[in-house]
Amino acid sequence: MNTPEQNGIPSKSKPTRAAKQALAEPAELARLNSRCPIPAAELGIFPHRIPLLWVDAVLEVQDFGWRAQVKLEQSSHYFGKRALRPSAVAEWIAQSYGLVRSAMATREQIANADSIKLYLLSMKKIEWSQKLLGLTSETLEVRVALRRQIGPVNIVSGSVHLDGEGLIASGEI
């Protein structure tokens, strides 16, 4: 019997070869990092706009993952009547991934594409601590990594961190 890695299923610590190939070249990573933090509103090819753009900025792009920032505002759609909606975790992970992938797309790729479509197909293992529900106006860091790419389908893991408190939510989309 093969190990999960031999069957193409990545371990949590490393992305697959296909995922590595899907990421930007070192020169592209350096170019993107030189612009960081990149305000999300400046990434014009991303389809979300305020008030549905919930990620504020891309903080850092690394070889196999990246970091983004969310500044909580009580007037945002991710707040319910009484508290922060836990479902926001999946959307923060998805938007963080989409923003960086949008930044990585070259003008030529965009011009040659009939349409660029990204869909959130599933959520898996979305977990959060009770601290998430009590947040009001803090700044969060979302860490995202591409785990596997199967044709046009990408499996992405992410975690949400509160400064000084550490991990408060995680999941896979």
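Predicted model: local features only at pLDDT ≥ 70, side-chain atom pairs only at ≥ 80, totals over all residues.

User: How many helices and strands does the protein chain have, and which pattern do they follow?

Analyst: Helices (H or I, at least four residues) and strands (E, at least two) are DSSP runs, numbered from the N terminus. The protein chain has five helices and seven strands. Along the sequence they follow the pattern α-α-β-β-β-α-α-β-α-β-β-β.

User: In which order do the strands form the sheet?

Analyst: Strands of a sheet pair through backbone hydrogen bonds, either parallel or antiparallel. Two strands count as paired if DSSP finds at least two bridges between them. Here seven strands form an open sheet in the order E1-E2-E3-E5-E6-E7-E4, with antiparallel pairing. Strand E1 (38–39) and E4 are the edge strands, each pairing on one side only. E1 and E2 run antiparallel and are joined by two bridges; Ile 38 stands opposite Val 58 in E2.

User: Which residues touch the most other members of the largest nonpolar core?

Analyst: In soluble globular proteins, nonpolar side chains tend to be buried together. A nonpolar core is a set of buried Ala, Val, Leu, Ile, Met, Phe, Trp, Tyr and Cys residues joined through side-chain atoms within 4.5 Å. Buried means under 20% relative accessible area, exposed over 50%, and partly exposed in between (1.4 Å probe, protein chains only). The largest core has 40 residues, of which Leu 72, Tyr 78, Trp 92 and Leu 140 touch the most other members. Its largest share, eleven residues, comes from H3. Tyr 78 touches residues including Trp 54, Val 70, Ala 88 and Trp 92, when residues up to four places away in sequence are not counted; contact means heavy atoms within 4.5 Å.

User: How many salt bridges are there, and which side chains meet in them?

Analyst: Side chains of opposite charge can pair when their charged atoms come close. A salt bridge is a side-chain nitrogen of Lys or Arg within 4 Å of a carboxyl oxygen of Asp or Glu. The structure holds four. Among them, Glu 60 meets Arg 67 (2.8 Å, N to O). Glu 141 meets Arg 143 (2.5 Å, N to O); Glu 141 counts as buried at 16% relative accessibility, whereas Arg 143 is partly exposed at 38%. Salt bridges that share partners join Glu 60, Arg 67, Glu 141 and Arg 143 into one network.

User: Which parts does the pair of Glu 172 and Lys 124 tie together?

Analyst: The side chains of Glu 172 and Lys 124 meet in a salt bridge (3.9 Å, N to O). Glu 172 lies in strand E7 (residues 166–172) and Lys 124 in strand E4, so the pair ties together parts that are 48 residues apart in sequence.

User: Where is Leu 121, and is its side of the matter buried or exposed?

Analyst: Leu 121 is in the loop between helix H4 (107–112) and strand E4 (124–128), and Leu 121 is exposed, with a relative accessible area of 68%.

Methods:
Residues numbered from 1 in each chain as written. Heavy atoms only, no water.
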